[in-house]
Amino acid sequence: MKYNVNGEIINLTSSQGILVNAGQMHFGFSNPRSECDFICILLHPMLLCSASSYENDFVFPVIRNHAMPYVFLDKNIIWQNKILEQIHFMYTQKDQITAPLDVQSAFSAIWSLLYENIPPNDTIALPQSTDLTIAKNMVGFIQKYYAHKIFLTDIAVSGAVGQSKCCKLFAKYFNQTPHVYLTQYRLNKSIELLRYTDMPITEIALSVGFSGASYYAETFRKWFGQSPTAFRTDYRKPKKATELQEKAPLPYTS
């Protein structure tokens, strides 16, 4: 798969991962019809701030390190492989009663490895690119109001730019149009509902911002090669042990 951090594209293969620092604009994607399984873990640094001294001495030096927007994780580098192992450990423990404690422990171990190995923060804190800030604002608007009717004008206004500039920034940072980004975001939200709820297809379509079930189903089929109903059925089929082994997830965090 590929991962976009502030417009930079990072290629990820099996047994690799990426750890994205706080305050970065990031998302993962792949070429059409070449999806892969991966582990995605979201953790807030506040989990480590049991005391103000921890925050000042260990948390801020990492999340405010301008030399480290992300860390590429390669199993062939010992300390990075240890982080990958901790990520996989979190995944294997997620259904256990003690999962919160196990995750907290693994997160502390990951943070210790980061603290010891990240590059020194020698760079002067530069103001964030105006274009990046505008792009973040527009993406934030889409993610907040995706369930409503949204026009290109609305997205541009949320970034305080014209429609032409809006389209240029989406092409620069996401390599797609605002409309495609919005459609893909709505589809991803609908997938969550298909997997984890019994909501009717029509209700799902409307709840994520599509004008109707027919248009939603047509768009879904165009992107995923099957109907929403077929996707839900396939997802809920019992998986054989061999199938689960073949689809072992890639250690991965965000």
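In which kind of crossing does α7 pass α10, left-handed or right-handed?

**Ground rules.** I am reading a predicted model, where local features need pLDDT of at least 70, side-chain atom pairs count only at pLDDT 80 or more, and totals for chains, interfaces and linings use all residues. Residues are numbered from 1 along each chain as its sequence is written, and side-chain values use heavy atoms, with hydrogens and water left out.

**Overview.** I find 11 helices and five strands in the protein. I take both as DSSP runs numbered from the N terminus: helices are H or I with at least four residues, strands E with at least two. Of the 254 residues, 36% are buried. Buried means under 20% relative accessible area, exposed over 50%, and partly exposed in between, with a 1.4 Å probe and protein chains only. I also looked up contacts, meaning heavy atoms within 4.5 Å. Among those with a separation of 6 or more, 66% join residues 24 or more positions apart.

**α7 and α10.** The answer to my opening question is right-handed. I use that word when the near helix is turned clockwise from the far one by less than a right angle, and left-handed when anticlockwise. Helix α10 covers residues 228-236, and its axis comes within 9 Å of the α7 axis, crossing at roughly 50°. The pair is therefore oblique. Axes here are lines fitted to C-alpha atoms, for helices over the stretch in contact, with angles from 0 to 180 degrees between N-to-C directions. Under 35 degrees counts as roughly parallel, over 145 as roughly antiparallel, 65 to 115 as roughly perpendicular, and the rest as oblique. From α7, Ile191, Leu193, Leu194, Arg195 and Tyr196 meet Pro228, Phe231, Arg232, Tyr235 and Arg236 of α10. I sort these contact residues into seven nonpolar, no polar and three charged. Ala, Val, Leu, Ile, Met, Phe, Trp, Tyr, Cys and Pro count as nonpolar, Asp, Glu, Lys and Arg as charged, and the others, Gly among them, as polar.

**α4 and α7.** Helix α4 (residues 130-145) packs on α7 (residues 178-196) at about 40°, with the axes 10 Å apart. That makes α4 oblique to α7. This crossing is right-handed. α4 brings Val139, Ile142 and Gln143, while α7 brings Pro178, Tyr181, Leu182 and Tyr185.

Ser227 sits in the loop between α9 (213-224) and α10. Is Ser227 buried or exposed? It is buried, because its relative accessibility is 17%. Beyond its neighbours within four places in sequence, Ser227 contacts Phe220 and Arg221.

Ala160 lies between α5 (152-158) and α6 (163-174). I log Ala160 as exposed, because its relative accessibility is 72%. Asn137 is 23 residues from Ala160 in sequence, and the C-alpha atoms are 9.1 Å apart.

**Tyr115.** This residue belongs to helix α3 (residues 99-117). At 36% relative accessible area, Tyr115 is partly exposed. Setting aside neighbours within four places, Tyr115 touches Asp57, Phe58, Pro61 and Val62. Pro61 is 54 residues away in sequence, yet 7.9 Å from Tyr115, C-alpha to C-alpha.

**Cysteines.** I count zero disulfides, taking a disulfide as two cysteine sulfur atoms within 2.5 Å. Cys167 is partly exposed at 31%. Cys40 is also partly exposed, at 44%.
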